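Here's a quick tour of a two-chain model and the ligand it holds. Have a look at the structure first, and then we'll go through the site and the interface.

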Amino acid sequence: MMDAPAEAAIDLQLIVNGTVRQVRTEARTSLCDLLRDALHLTGTHAGCEHGVCGACTVLLDGQPVRACITLAAACDGRAVTTVEGLSGPLVDRLRAAFQAEHALQCGYCTPGMLVSAVDLLERKPGADDDEIRRDMSGNLCRCTGYVGIVRAIRSCTRS
Amino acid sequence: MKPVPFRYQRAASLEEAVAALAGAGADDDVRVIAGGQSLGPMLNLRLVRPTLLVDIHRIEGLRAIDVLPDRGVRIGACVTHAMLEDLPSGDRLPPGLADVLRHVAGGIAYRAIRCRGTIGGSLAHADPAADWPSALAALGATIELAGPAGRRSVAASAFCLGLFETAIEPGEVVAAVVLPGSVIRRWGHRKHCRKVGEFAHAMAICIDRGGEALEAWLGATGGAPVAIALDRGALAGTAGSEAQRRALLRERIAAALPDSIATGDAYARHLHAQMAAEAVNDILANR
Ligand SMILES: Cc1cc2nc3c(=O)[nH]c(=O)nc-3n(C[C@H](O)[C@H](O)[C@H](O)COP(=O)(O)OP(=O)(O)OC[C@H]3O[C@@H](n4cnc5c(N)ncnc54)[C@H](O)[C@@H]3O)c2cc1C
Ligand code: FES
Ligand code: FES
């Protein structure tokens, strides 16, 4: 293994789930690896690591992003919200709905599902099933067959 | 699934980015990174192994959308797909143009990708299946480039040269996309994906500005966007007959498609003809 060139180490300051965190890491570190390995926030899951599955989705300054293809270095000074930091009445309802509708089995996809669903419900509070399916198409689930997930999100829409 | 080690530099201005590219050492493999939504996967898969990344994503001047005196619009290279998807309705942009931009942007990948991926990055990456190359060619856009020798402009129709190949010269950065303000009367944009948000297998866009010629382009043909010769007169000749219109489009598309598809792949040919027919139908349906 080649050592990283010394210049590759960088110091970052991020606001993670409301707390300021200072970290030294390598320039090549993804936001996903930083959250999991350096900050031990293992709720953010790494699946495909090339942007396709959505398991790593987190909020960056309130907007959903793929943590696996977002460099930690690019997030310096910004606010990150992971599944551990999601809170509020909408999130409470969504969590309860996921349980009620059996919207998870193994739970691998669930953190990304919740983050994407919160973003969807905030942008489109009245989304119908078609819109929910389209907007959630970037989050893959190997277990549930999606019906419960769509139902859970639907039950949190304003209709 | 981890990139090779590299150095990282965040540019505060376009000038700084151009200087960083010019100042890289002879042994450096330097790359611009914008949203990282194409470069990120390539880094993780080690398809690219740069020694230095120059991050341009936060350069203020590259994130602006400015309406021009002719009611055209200048879109900074680091404007994200999501910013265009969310373009406010109102009188700032000509309505037709805003509709096309919102529609094309909103159809790219997934919201989480759209929140970081940029219009400039899409163009520079020049994936044949990407949405902006054919759409911007059909919209008559001009691409502004900044480099060590100063600024220059290239027509979007001449910007993508082939598979991941563009008119960008070494050391140059895409600075902006400029769209003309002349009124879009009708438009159609269709793409075929096996799964929502996935890269398209066929794509067509048709723009009607009221003149005799229509701007009709195909995307996802495996190389640069392909122009289809189409005018109002020819379409009028097939008025009332869907079958005749399809036959005309098939003939025009066959004449335009790259050889590999025109002579080989019947399924791809069918998909392209179908997308073109639907885009033209959207125009005729007069929306
Ligand atoms: C799962 C997934 C699905 C996708 N689906 C689609 C889709 O359906 N349609 C679609 O169009 N796209 C799709 N994309 C790609 C997405 O649109 C990217 O945003 C886009 O291709 C690249 O933009 P970026 O800003 O992320 O560029 P980056 O990834 O940062 O850069 C891409 C390349 O362009 C260069 N570059 C970037 N900006 C500039 C600039 N201003 N000047 C010069 N060079 C520059 C970089 O050096 C690099 O080589 C998808 C991506 C993913 C991960
Ligand atoms: S792990 Fe990031 S999208 Fe799959
Ligand atoms: S619950 Fe197992 S992947 Fe979705």
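Let's start with the ligand: the residues of the shell around ligand 1 divide into 16 nonpolar, 13 polar and four charged.

A word on ground rules. This is a predicted model, where local features need pLDDT of at least 70, side-chain atom pairs count only at pLDDT 80 or more, and totals for chains, interfaces and linings use all residues. Residues are numbered from 1 along each chain as its sequence is written, chains are lettered from A and ligands numbered from 1 in the order in which they are written, and side-chain values use heavy atoms, with hydrogens and water left out.

**The ligand site**

Of the 33 residues around ligand 1, the nearest are B:Val32, B:Ser38, B:Leu39, B:Thr118 and B:Asp131; being near takes a heavy atom within 4 Å. The site is shared between chains, because residues from chains A and B surround ligand 1. In chain B, strand S2 (30–33), helix H6 (119–125) and strand S10 (173–179) each bring at least two residues to the shell, and H6(B) gives the largest share, four residues. Helices (H or I, at least four residues) and strands (E, at least two) are DSSP runs, numbered from the N terminus.

Here are some polar contacts to the ligand (pairs of N or O atoms within 3.5 Å; within protein, one must be able to donate a hydrogen and the other to accept it, and residues adjacent in sequence count only if both atoms are side-chain atoms):

| Residue and atom | Ligand 1 atom | Distance |
|---|---|---|
| B:Arg31, side-chain N or O | oxygen | 3.1 Å |
| B:Val32, backbone N or O | oxygen | 2.6 Å |
| B:Asp131, polar side-chain atom | nitrogen | 2.6 Å |

Taken alone, ligand 1 exposes 960 Å², and the protein buries 95% of that (Shrake-Rupley areas with a 1.4 Å probe).

**Where the chains meet**

On the chain B side, 29 residues are in contact (heavy atoms within 4.5 Å) with 34 residues of chain A. Two salt bridges cross this interface, each a side-chain nitrogen of Lys or Arg within 4 Å of a carboxyl oxygen of Asp or Glu. B:Lys2 and A:Asp33 form a salt bridge through their side chains, at 2.7 Å from N to O. By class, the side of chain B that touches chain A has 14 nonpolar, five polar and 10 charged residues.

Note on methods
Ala, Val, Leu, Ile, Met, Phe, Trp, Tyr, Cys and Pro count as nonpolar, Asp, Glu, Lys and Arg as charged, and the others, Gly among them, as polar.
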